[in-house]
Amino acid sequence: MADSINKADLVAAIAADSGQGQAAVSAVVDSLFAVLASSLKDGKKVSIPGWLSVEPTQRAARMGRNPATGESIHIAASTGVKISAGSKLKASVK
């Protein structure tokens, strides 16, 4: 897989780009994800036009099959998260 960055790398890059301290940037990043998680938990879609949108999704209960035994199993309903890239984000990787 290609190179990747972790939270510490992201915080350092944002701090260097913005001229803010790493502690302040780290607090903002933590707050961003806390608000994002809270909004999704409340069933709200979060959208940053042009960049991305994140929304909760519902999966209905269904029947499945255990691949090892072939036995039918019940798969409970669950909640997931859908993340969609916006036009600016898509354009930035072309």
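Student: What is the relative accessible area of Asp 30?

Tutor: Asp 30 is partly exposed, a class that lies between buried (under 20% relative accessible area) and exposed (over 50%), with a 1.4 Å probe and protein chains only. This is a predicted model, in which local features need pLDDT of at least 70 and side-chain atom pairs count only at pLDDT 80 or more, while totals for chains, interfaces and linings use all residues. Residues are numbered from 1 along each chain as its sequence is written, and side-chain values use heavy atoms, with hydrogens and water left out. For Asp 30 the relative accessible area is 40%.

Student: Which residue forms a salt bridge with Asp 30?

Tutor: Side chains of opposite charge can pair when their charged atoms come close. A salt bridge is counted here when a side-chain nitrogen of Lys or Arg is within 4 Å of a carboxyl oxygen of Asp or Glu, and by this rule the count comes to 1. In that salt bridge the closest N and O atoms are 2.4 Å apart, and the partner of Asp 30 is Lys 7.

Student: How many residues apart in sequence are the parts that the pair of Asp 30 and Lys 7 ties together?

Tutor: The salt bridge joins Asp 30 to Lys 7, and Lys 7 is partly exposed at 39% relative accessible area. Helices and strands are DSSP runs numbered from the N terminus (helices are H or I with at least four residues, strands are E with at least two). Asp 30 lies in helix H2 (residues 22-41) and Lys 7 in helix H1 (residues 7-18), so the parts that the pair ties together are apart in sequence by 23 residues.

Student: What distance separates the C-alpha atoms of Ala 8 and Gln 22?

Tutor: Ala 8 lies in helix H1 and is exposed, with a relative accessible area of 53%. Along the chain, Ala 8 and Gln 22 are 14 residues apart, and the distance between their C-alpha atoms is 9.0 Å.

Student: In what order do the strands of the open sheet stand?

Tutor: Strands of a sheet pair through backbone hydrogen bonds, either parallel or antiparallel, and two strands pair here if DSSP finds at least two bridges between them. Strand S1 (residues 46-48) is joined to S2 by 3 bridges, while S2 is joined to strand S5 (residues 78-85) by 8 bridges. The pairing in this open sheet of 3 strands is antiparallel, and the order is S1-S2-S5.

Student: Which residue in S2 stands opposite Ser 47?

Tutor: S1 and S2 form a hairpin with 3 residues between them, and Gly 50 in the turn has a positive phi of about 90°. Opposite Ser 47 stands Ser 53.

Student: With which residues is Leu 36 in contact, leaving aside its neighbours within four places in sequence?

Tutor: Leu 36 is found in helix H2, and its C-alpha atom is separated by 9.6 Å from that of Glu 55, which is 19 residues apart from Leu 36 along the chain. Leaving aside neighbours within four places in sequence, the residues in contact with Leu 36 are Val 46 and Val 54.

Student: About how much accessible area do the residues of the nonpolar surface patch have together?

Tutor: Patches are made of residues with over 30% relative accessible area and no salt bridge, like charges being joined within 9 Å and nonpolar side chains (Val, Leu, Ile, Met, Phe, Trp, Tyr) within 5 Å. Accessible areas come from the Shrake-Rupley method with a 1.4 Å probe, and for residues only the protein chains shown count as cover. One of the members is Leu 52, which is partly exposed at 31%. Together Ile 48, Trp 51, Leu 52, Val 81, Ile 83 and Leu 89 have about 530 Å².

Conventions. Contact means heavy atoms within 4.5 Å.
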